[in-house]
Amino acid sequence: MSEFQPKIVAFCCNWCSYAGADQAGLRRLQYPPTARIVRIMCSGRLDPVFVLEAFRYGADGVLVAGCHTPTDCHYTSGNFKAERRVLLLRKLLEQLGLEPERLRLEWISASEGEKFARVIEEMTQKLKELGPSPLKSA
Amino acid sequence: MGVFLCKCGGNISDFVDLEAVKRAVEKIDGVVAVEVDEHWCSSPAGKRIKEVIKEKNLNRVVIAACTLNMHQPHFMEVLQEAGLNPYLLERVNAREQCSWVHKDSPKEATEKAIDLVRGGIARAKRLTELSPIVEKINKNVVVVGGGVAGIIASLELAYGGYRVFLVEKSPTIGGRMAKFSKVFPSLDCASCILTPRMAEVESHKNITLLTYSELQEVSGSAGNFKVKILKKPRYVDPALCTGCRDCTTVCPVKVPNEWNMGMDKRTAIYIPFPEAVPRVATVDGEHCLYLKHSKPGKPVCGKCVEVCKAKAINWNQKLEVLEVEAGAILLAVGSEVFDARRVPQLGYGLYKNVITSMEFERMINSDGPTGGKVVNPVTGETPKVVAFIQCVGSRDEKYNPYCCRIGCTATLKHAALLKEYVSKDIDIYVCYNDMRTVGKGFEEFYRRVRDMGVKFIRGLPSEVKQKPDGTLSFNVFDTTTETLYEVNADLVVLAIGLVPSPDIEKVAKLLKLSRGHDGFLLEAHEKLRPVETLTDGIFVAGSCLGPMDIHDATSEAMGAASKVMGFLSAGEIVKEPIVAKVNEDLCSGCRVCVSVCPFDAIKMEEKGEGKFVAKVDEVSCKGCGLCASSCPTAAITTQHFTDEQIRAQVRGILVGT
């Protein structure tokens, strides 16, 4: 059995973070093949259900990535909405028996390919420490 | 459904085993065709997609290739041409977000690609037909900034038949160019070429000139912006003021004159320079005694009122907010000059006879503070030795790494003016890094100035000192002759570069535009889209994009004006149908969506018997989906990003279907 490779669902906003992930590619930055990106128009589009369902279907971690606060959001304030939701979701995850660290929020701009790669690297490392999601076997 | 996997000439297939991807997804329910090609973006491959759509009667298409920020319009057109609604296309990013970033782990990259394609297939199943939203375009243009770029762009647009609102924050248009004496390399008189164009702006029937005004707020989107402009009170009625300047002879207040780089004083009521447009006095509210110190019934000063025959002074003017509707916005907010005080070792601010190139510019200008006489500010006499120091604040990691692009030729101009207009006997030294004379006629000009006897030293001094007799002295190592020189000069001129102004930051925030690492505005593409921004309907020109000379600023202004005209002349704009949609049966009328919408795009509509439901204005909606993620009854969703579609994609990625 090879080493545990966590699976991360990464919700990226269209304007900053999706483009930031593209930037990592353009610059051929290498990071662990653990993240699967789901494009949403704004991090504020994130419905808490999306995150809960991702865990239910076996994700080991979820990343929510949007434009930098306070001024970068293409839609003015969507990133603040995302921030509040993630804070609440992390509390909820704890009550469900999941480590809140499995859910991470990051602001990644269109030019921050390096940050995108670093975040995935760090998250992968953290999830390897935590091990597979306890919901996986349930 | 058909799935098209792209090798991208090896960019994808060298690291992702596309045959394995094919095997993994071809059995998924609904998938009737999986094909692999070298380049799906090519024209023959496009034909093949169309053939497969028709042969297999496809009603969904999934293309796994590069990022959807590339080729998306092309692929949508392919679907359209095959008779399929273009919104039934799903793109999977297998290159930027997969093959290129996992070169060392092809096995895992292939697994990831399979997950992503499965997610795409699951999402594609839930896609629905959509039609783009077509909006009519408002044909007005707001031009921000009345420097040479803003002036030229406004005139181009006005002569093209478009209505222009030109917004300038100062009391007059003209910008930095209006301060120049001559322009390089021809040594034409700057005001002789600029002021007639300024007068045209004032008289052109298609231009509404709003000076002493600033951009306050912009809402709406490309084709239909609503622009709020703050008009500051100048306490003078422009319709009555004759520009006689009698008021300026009696005003007792004296403050540093920004027009002359603070080298002399102006009054609190002032006209910046004789050719100002509009030639109307402005009261500087910060310094005017009447405005600052008068109490009800106890006016202070008011001398200007007494002397004004036209009765133009009006203390009742207030801040006004004007609302303008425009289809496009053209930004030409300019830049500012580097503050030489930041390099204290060169002595600016310490020694009066160290001046900046902008101060030299005003000094040698006949309407400047010395009436065109170049003097040593310490002695008041014509200098015998003048030294120019290049690249102050430019090409220096400590300040700005970029080249200011104007410093070399501006100094050549200053040296030539000294030799030709002041005295050919003045000894001139130019200490430089590299002579960058890249414009048309610039190199020839450089030769001409060398032939005048100006001495060029390839090296920069690290420190300028003042001797007890007031002369300045510095050591400089010439790297061409490998000799250390000591230069003694009466006057040292620092060639300062251009830096981003606070206005750039302000408009960038207001309009959500990106700025580069240097702080200047970012064009949509540095080579191929130099006068557009990444936001539709917002165009840009001049030195707010980066340092440039008048020639380049003018070229960009004309380019931007042409782009604006092209954009507006289409008459309509096609908008993506990614907007919110309400299911009225589910809407409980709670108004949460109204409160979270950043664009005021949702209103409540009465359906009778006290029942209210949300109604989306598709024109204002930008499709962020904040309403959809906040709605407690899932009554509102965003088209093309419905809950169902996103959830299906997540499930597809993780469990395969």
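The buried residues of helix α12 of chain B are covered by elements that include α11 (407-422), β22 (427-432) and β23 (455-458) of chain B, where contact means heavy atoms within 4.5 Å. Helices here are DSSP runs of H or I with at least four residues, and strands are runs of E with at least two, numbered from the N terminus.

Before I continue, the basis of these values. This is a predicted model, in which local features need pLDDT of at least 70 and side-chain atom pairs count only at pLDDT 80 or more, while totals for chains, interfaces and linings use all residues. Residues are numbered from 1 along each chain as its sequence is written, chains are lettered from A and ligands numbered from 1 in the order in which they are written, and side-chain values use heavy atoms, with hydrogens and water left out.

Which residues of α12(B) are buried? In this helix, residues 442-451, they are Phe442(B), Phe445(B), Tyr446(B) and Val449(B); buried means under 20% relative accessible area, exposed over 50%, and partly exposed in between, with a 1.4 Å probe and protein chains only. Viewed down the helix axis, the buried residues fall within an arc of 105 degrees, so they line one face of α12(B); the arc is taken from the directions from the helix axis to the C-beta atoms. An α-helix has 3.6 residues a turn, so residues three or four places apart point the same way. On the face turned away from the buried side are the exposed residues Glu444(B) and Asp451(B). Just after the helix, Gly453(B) adopts a positive phi of about 100 degrees.

I turn now to the aromatic residues. Rings of Phe, Tyr and Trp (its six-membered ring) pair if their centres lie within 6.5 Å; planes under 30 degrees apart count as stacked, over 60 as edge-to-face and the rest as tilted. The count over all chains is 15 aromatic pairs. One is the stacked pair of Phe11(A) and Phe50(A), at 6.2 Å centre to centre and 25 degrees between the planes. Phe11(A) lies in strand β1 and Phe50(A) in helix α2 of chain A, so the pair ties together parts 39 residues apart in sequence. Both Phe11(A) and Phe50(A) are buried.

A further pair, Tyr75(A) and Phe599(B), is edge-to-face, with 6.1 Å centre to centre and 80 degrees between the planes. Each residue lies in a loop, Tyr75(A) in chain A and Phe599(B) in chain B, so this pair joins two chains. Tyr75(A) counts as buried, at 1% relative accessibility.
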